[in-house]
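Colleague: I'm new to reading protein models. Could you walk me through this one, feature by feature?

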Amino acid sequence: MSKPSRFALRSPVIEGLEQELAAADTYAQWRKLAERHDKLTGADDWRREDASRLYDHENIRLRLQQLRRLRRKRDDHGLLFVLNEGIHGNMEGMGKAQLYQRARCGTKKLIEEYVAEISDALDYLAPRDFPSIPWAERVEFFQRASHCYGRSALMLSGGGTLGYFHLGVLKALIEQGLCPAVISGASAGAFVAAMVGTRTDEEFLAMFEDNWIARALTENPSNIKIGLGKRNTIDMQVIRREMERLVPDMTFLEAYRKTGRSINITISPASPRQTSRLLNHIASPNVTVLSAVLASSALPGVFAPVQLEARNANGEIRPYLPSRRWIDGSFSQDLPAKRLGRMYGVNHFIVSQVMPGLGREPNRRPGIRQITSDAMVAATKAVVRGGLDWIQRRTKVSPRVGTALNTVNALIDQQFVGDINIFPGYGLSNLNMILRLLDEDELVHLIKAGERATWSRVPAIANTTRIGRTLDSILHAFELDETHWLRASRRPRHGATPPADAEREPKASQRAPRRSKAAGAVVAALEADTGTDALRH
């Protein structure tokens, strides 16, 4: 089949298909339309052809054949050796974003087959009673492979009431079993991250039945009115009561123990001497999720700065860092990629960006206009940053002005895209929705827009996260096994009392096995609170 011309006119059939894709009601319906679109445009033929200048298809094909041969021959040590040579998402360039922009239903079949083979090989080696390779050797390999491969995270941007777009994104990802365990949110994104981070998958999806979530978010029984300049008329206790209907009274650690999700909420400083923070179950386990959401949503000029709260040892809610107040997290770190990378080993980012005009997908063939535009933007940022630094060094500014200058500087430095980006289909005209309450129909439409925008990214997300999800599943099973071992070792046998020398140093053969950081955290949590089933979900 001849390749279509770059400047060829699109047929009415393809244009009609694209309109149907944009109006699909379910992912299954979208997928059928996408498969037809790929056939008509030649993208299906492109997927079946190995060759591409974007990745080393010859080496990927050789490695795929080698893995299949070793597993077919049950050469387990040889298979483990080949897997040890390297497992990472951009092997031979196969992780490039451009490889997922040609076809609607995925990327090169060769890449998908290679990823599937690695995932199947990992599952093949995973059983505890696997005979040919010792369990300890395999666990060490899985831990090393997970560390090298990294993890995926979902980052939810700020954007006022447009942030309800994220609800559709999460609904689509959870329905497909693709929601990452690490989720960050700023401002409106923090509110949505809190809703999903305090609920199981079943509880979260249940909120969409009969449009319950749309009604709950648009009822407004307290008759709240928001907008710039209305700060003094808004009672924050009323806002708190409204949020309590959807964000349970939990700490970050309690939410993590219930769902297994690591939610991260960004907050910005309200004074120039403070620094921004990323709140989660590791850095701030006892802080309440609700107070973090209130702080991250405190848009200057609309809401007053917020004080954080935390649960003390007696279970009482008390002020956390009483002398500090916090504002909207989007001003300092709308998408906290670097902090998530350091804290969780994340190196693959899925971004849900609700603000139209912020960020764009990389162009496979950038023209001179785009290259010039990008250079001008970079130069403008450098000039503005230099001007702000000069003002702060050479002049005396008030604390409020200093905070404003720091905020502008932070906004300039931010990146608003990731490895996979979920952008809304609406345009700049929808910016008027940011600071106004929506009616039920508008909110339902916004949630559906989030679902549809996510469906087009599902094939890429499914393929690029498959190996990481397999490794996480294997290590999670290992952590469960470790927890079971710890409990069993604590049980007295037939009512026997421990010997008098039970406190002595155990022999080397009786010591606890080496654990991964993740497993160690689970066991530590269990030791700190033996009455809590840290892994019940």
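Colleague: What is the mean pLDDT of the chain?

Modeller: The mean is 81, and 73% of the residues reach 70 or more.

Colleague: And where does pLDDT stay under 50?

Modeller: Where pLDDT is low, the predicted coordinates should not be read in detail. Here pLDDT stays under 50 over residues 1-8, and that stretch has five contacts (heavy atoms within 4.5 Å) beyond four places in sequence. Residues 499-516 also stay under 50, with 15 such contacts.

Colleague: Okay, helices next. At what angle do α5 and α7 pack?

Modeller: Some ground rules before that. Helices (H or I, at least four residues) and strands (E, at least two) are DSSP runs, numbered from the N terminus. Axes are lines fitted to C-alpha atoms, for helices over the stretch in contact, and angles run from 0 to 180 degrees between N-to-C directions. Angles under 35 degrees count as roughly parallel, over 145 as roughly antiparallel, 65 to 115 as roughly perpendicular and the rest as oblique. In this model, α5 (residues 76-84) and α7 (residues 135-149) pack at about 20 degrees, with axes 11 Å apart, so the two are roughly parallel.

Colleague: Which residues make the contact?

Modeller: From α5 it's Leu 80, Leu 83 and Asn 84, and from α7 it's Glu 137, Phe 141 and Arg 144.

Colleague: Which residues of α13 are buried?

Modeller: Buried means under 20% relative accessible area, exposed over 50%, partly exposed in between (1.4 Å probe, protein chains only). In α13 (residues 252-259), Phe 252, Ala 255, Arg 257, Lys 258 and Thr 259 are buried. Just after α13, Gly 260 takes a positive phi of about 75 degrees.

Colleague: Is Arg 74 buried or exposed?

Modeller: Arg 74 sits in the loop between α4 (57-72) and α5, and its relative accessibility is 59%, so it counts as exposed. Arg 74 has a positive phi of about 60 degrees, although it is not a glycine.

Colleague: And where is Asn 211 found?

Modeller: In the loop between α10 (201-206) and α11 (212-218). Asn 211 is not a glycine, yet it has a positive phi of about 60 degrees. With a relative accessible area of 35%, Asn 211 is partly exposed.

Definitions and conventions: Residues are numbered from 1 along each chain as its sequence is written. This is a predicted model: local features need pLDDT of at least 70, side-chain atom pairs count only at pLDDT 80 or more; totals for chains, interfaces and linings use all residues. Side-chain values use heavy atoms; hydrogens and water are left out. pLDDT is the predictor's confidence in each residue, from 0 to 100.
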